[in-house]
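Q: I'm new to reading protein models. Could you walk me through one, feature by feature?

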Amino acid sequence: MHAVVRSYSGKGSKELTGLLEKNKAEIEKLLIRAIKGFVSYSLVRTQDGAFSVSVFQDKAGADESVRVARDWIGKNASATGVQAPTVSEGAVILH
């Protein structure tokens with residue numbers, strides 16, 4: 001399995017978090033579960049914004065989730081002014 005963590009903080013991150021929460025059904029159905037190899041997804045609100053943890057069967061699914069998230073934010077949340085997230089990813093060693 002492969003996981004990717006996207007951390008959003010700074011300008012526009014709180015607005016983005018609210019927008020993600022408001023659209024969680026669309027995001028879960030169309031953008032997360034639709035990606036081949038989906039295992040799990042969590043979005044966590046933090047004091048500065050949010051971070052997400054996505055787990056997929058392989059790196060290809062994790063990479064696709066990064067692309068899909070970037071595209072969705074570009075189309076739906078560009079007005080927030082949020083900067084690109086810090087992305088960390090790697091092989092899952094314990095699940």
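Predicted model: local features only at pLDDT ≥ 70, side-chain atom pairs only at ≥ 80, totals over all residues.

Q: What pattern does the chain follow, read along the sequence?
A: The pattern is β-α-α-β-β-α-β. In total, the secondary structure comes to 3 helices and 4 strands.

Q: How do I judge the overall form of the chain?
A: One way is to set its radius of gyration beside the value for a compact globule. With 95 residues, such a globule would have a radius near 12 Å, and the chain has 13 Å, so the two agree.

Q: How do I read "buried" and "exposed"?
A: Check the relative accessible area: buried means under 20%, and exposed means over 50%. Buried residues make up 32% of the 95 residues in this chain.

Q: Is Ser52 buried or exposed?
A: Ser52 counts as buried because its relative accessible area is 1%. You'll find Ser52 in strand β3, which covers residues 49–56. Setting aside residues up to four places away in sequence, Ser52 touches Val4, Val5, Arg6, Tyr41, Ser42 and Leu43.

Q: What about Lys36: buried or exposed?
A: Lys36 has a relative accessible area of 77%, so Lys36 is exposed. Its place is in the loop between α2 and β2. Leaving out residues up to four places away in sequence, Lys36 touches Phe56 and Gly61.

Q: How do I compare distance in sequence with distance in space?
A: Pick a pair and look at both numbers. Lys36 and Ala84 are 48 residues apart in sequence, and their C-alpha atoms are 24 Å apart in space. Now take Tyr8 and Ala84: they are 76 residues apart along the chain, with C-alpha atoms separated by 7.4 Å.

Q: How do I read a nonpolar core?
A: In soluble globular proteins, nonpolar side chains tend to be buried together. Here, the largest nonpolar core has 16 residues, and Tyr8, Leu16, Ile27, Trp72 and Ile73 touch the most other members. The elements giving two or more residues to this core are β1, α1 (13–22), α2 and α3. Of these, α3 gives the most, with 5 residues.

Q: Last one: how do I read a cavity?
A: Ask how many there are, how much space they hold and what lines them. This structure holds 1 cavity of 30 Å³ or more, and the largest cavity has a volume of about 130 Å³. Its lining has 13 residues, with Arg6, Leu20, Ile27, Tyr41 and Ala69 lying nearest the centre. Elements giving two or more residues to that lining are β1 (2–9), α2 (24–32), β2 (38–45) and α3 (59–76).

Q: Which element gives the most to the lining of the largest cavity?
A: That's α3, with 4 residues. By type, the lining divides into 10 nonpolar, 2 polar and 1 charged.

Methods:
Residues numbered from 1 in each chain as written. Heavy atoms only, no water. 1 Å grid on protein atoms, 1.4 Å probe; cavity = no way out; pocket = protein on both sides within 12 Å on 5 of 7 lines; lining within 4 Å. Points joined across faces, edges and corners; volume = space filled by probe spheres on them. Nonpolar A, V, L, I, M, F, W, Y, C, P; charged D, E, K, R; others polar. Core = buried A, V, L, I, M, F, W, Y, C linked by side-chain atoms within 4.5 Å. Buried < 20%, exposed > 50% of the residue type's maximum accessible area, 1.4 Å probe, protein only. Rg over C-alpha atoms; globule rule 2.2 N^0.38 Å. Contact = heavy atoms within 4.5 Å.
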